[in-house]
Amino acid sequence: MTLHTGNLFWPTTVQHKPEYPKLSGDVECDVLIIGGGESGSLMAYTLSEHRVSTILVDKATIGSGSSSANTGLLQFSNDKMLTDFSKRIGEKAAVQFYKRCLKSVDDLEVITKRLEYKTDFIRRKSLFYASDKGDAKKLRKEFDLLKKHGFPVNLLEAHEIGSLFPFEKDLAILTDLDAEVNPLKLAVSLVREAHKNGVQVFENTEVLGHEFSDGGGLFRTPKGTIRAKKVIYSTGYETAQFASIKKAALNRSYAIVTHPVKDMSFWYEKAMIWETARPYLYMRTTPDNRIIAGGLDDNHTEPESDPDRLKGKGWELLSIIQEHFPLRDLQVAHQWSATFGESKDGLPFIGRHPKYDHVYFLLGFGGNGTVYCTLGAEVIKDLILYGYSHDAPLLALDR
Ligand SMILES: Cc1cc2nc3c(=O)[nH]c(=O)nc-3n(C[C@H](O)[C@H](O)[C@H](O)COP(=O)(O)OP(=O)(O)OC[C@H]3O[C@@H](n4cnc5c(N)ncnc54)[C@H](O)[C@@H]3O)c2cc1C
């Protein structure tokens, strides 16, 4: 499955990406992780911290799947607002999930500080604005509920937004304690560290088939086999084809990165910006003063393959940035289209297979995929090491 097309930005930011061998021969471990994107790399790092005998394989190279197309916004607020989640799964469960997301951003900060190689994790505020007057009422209710449960939010009226940003909106929530990251650097650095801690890593090694028995599984690759007591599928959006992930939908999204901008003083604290409309548009900055914008999702599964249509989407995103900021000479430097997976209820798919005890899934479907993968790596580590995780029922595949 092709996960992205176009000209990605993050691969141009990673120097000296380590290479790992192809598997050749037969190997054994306690835990096999299939897929070396952000989810697999967070999982490998987490297990390596607990000295679990682990093998990580990827059919391509580390971070080259959807993780390279990710725009790197880390937020505790989700695609589904807390008010909407509360109606669907109850206020208690919705708040539990939001609190776990908030904690996962903190956890990721701790993890990135421990890594030897930089991931460009930077704490940021987020501006979540009402896309139209109708949504302002909805946003006020969202603020009330977030505030009631102690989330770090402030409500901005139109004149306050106007005093901080060069655009007009009726209402917005300004959140603290979000962050931005370079998602490819994150995956690469995590795997470096996990490898240093003893995890065996194989690139260009596709798992082609498996046989399960009571003692675990035997996994076939083109030039060898892996015997593992437990397996974690962190195979990203391709896993939507599995029968047990029925409640997922695949769409297509677009993103651009501009050339660096000289002066960013008009952008309040380089806050990340998004909106209430669905699908939503979002913008962030990079450490070298570029602007990333994304959105315009449509319901095709495959990324856009026509270069002219892709260019057209790039111009649309550029003009959206220019509607917000006074940047007449802005130019697109990178643009891409990518498959984007969401679950129907807004929660990721994380946990043990409903039927097979030694099979786990770590699938961060949704706009907060990185936060979900951080949370998921903890949940699966707890299930494997202690047989229990408080958050597992909420995220279970058969929920
Ligand atoms: C345009 C776009 C923007 C996004 N923006 C954000 C954002 O701002 N913030 C955020 O949190 N999330 C965002 N996301 C979501 C985020 O990208 C994903 O949640 C995250 O990358 C998922 O990581 P992953 O490891 O599950 O998947 P992937 O990175 O796709 O990794 C899966 C890996 O599995 C490997 N694999 C698959 N099958 C096999 C097999 N049989 N054998 C061996 N290896 C296999 C693949 O080669 C791949 O490397 C965005 C996504 C898109 C598309």
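This report describes helix packing, aromatic pairs, backbone features and selected contacts in a predicted model.

## Basis of the model

The model is predicted, and local features need pLDDT of at least 70, side-chain atom pairs count only at pLDDT 80 or more, and totals for chains, interfaces and linings use all residues. Residues are numbered from 1 along each chain as its sequence is written, and side-chain values use heavy atoms, with hydrogens and water left out.

## Packing of helices α1 and α8

Helix α1 (residues 38-49) packs against helix α8 (residues 369-386) at an angle of about 40°, and their axes are 9 Å apart. Helices (H or I, at least four residues) and strands (E, at least two) are DSSP runs, numbered from the N terminus, while axes are lines fitted to C-alpha atoms, for helices over the stretch in contact, with angles that run from 0 to 180 degrees between N-to-C directions. The crossing of α1 and α8 is right-handed; a crossing has that hand if the near helix is turned clockwise from the far one, and is left-handed if it is turned anticlockwise by less than a right angle.

On the α1 side the contact is made by E38, S39, L42, M43, T46 and L47, which meet T370, C373, T374, A377, E378, I380 and K381 of α8 (contact means heavy atoms within 4.5 Å). The residues of this contact divide into six nonpolar, four polar and three charged, where Ala, Val, Leu, Ile, Met, Phe, Trp, Tyr, Cys and Pro count as nonpolar, Asp, Glu, Lys and Arg as charged, and the others, Gly among them, as polar.

## Aromatic pairs

The structure holds 21 aromatic pairs. Rings of Phe, Tyr and Trp (its six-membered ring) pair if their centres lie within 6.5 Å, and planes under 30 degrees apart count as stacked, over 60 as edge-to-face and the rest as tilted. One of the pairs joins Y237 and F365 in an edge-to-face arrangement, at 5.3 Å centre to centre and with 90° between the planes. Because Y237 lies in the loop between β11 (224-233) and β12 (248-258), and F365 in the loop between β18 (359-363) and α8, this pair ties together parts that are 128 residues apart in sequence. Y237 counts as buried at 11% relative accessibility, and F365 counts as buried at 1% (buried means under 20% relative accessible area, exposed over 50%, and partly exposed in between, with a 1.4 Å probe and protein chains only).

F266 and F325 form a tilted pair, at 5.3 Å centre to centre with 45° between the planes. F266 lies in the loop between β12 and β13 (272-275) and F325 in the loop between α7 (307-324) and β16 (332-343), so the pair ties together parts that are 59 residues apart in sequence. F266 is buried at 17% relative accessibility, as is F325 at 1%. Ring pairs also link F266 and F325 into a cluster with Y129, F165, F167, W267 and Y268.

## Charges over rings

K99 lies over the face of F151, at 4.8 Å from the ring centre, and R192 lies over the face of Y117, at 3.7 Å from the ring centre. A charge sits over a ring if NZ of Lys or CZ of Arg is within 6 Å of the ring centre and within 35 degrees of the ring normal.

## Backbone features

The peptide bond from R278 to P279 is cis, with omega near -5°, and P279 has its place in the loop between β13 and β14 (282-285).

H16, in the loop between β1 (4-6) and β2 (25-34), has a phi near 50°, a positive value in a residue other than glycine, and at 70% relative accessibility H16 counts as exposed. K270, found in the loop between β12 and β13, also has a positive phi near 50°, but K270 counts as buried at 19% relative accessibility.

## Selected contacts

P21 lies in the loop between β1 and β2 and is partly exposed, with a relative accessible area of 47%. Not counting residues up to four places away in sequence, P21 touches V201, F202, E203 and T205; P21 and T205 are 184 residues apart in sequence but 8.6 Å apart in space, C-alpha to C-alpha.

S41, in helix α1, is buried with a relative accessible area of 0%, and, not counting residues up to four places away in sequence, S41 touches A187, L190 and V191. N197 is found in the loop between α6 (183-196) and β8 (200-202) and counts as partly exposed at 21% relative accessibility. With residues up to four places away in sequence again not counted, N197 touches S48, E49 and R51, whereas N197 and K270 are 36 Å apart in space, C-alpha to C-alpha, and 73 residues apart in sequence.
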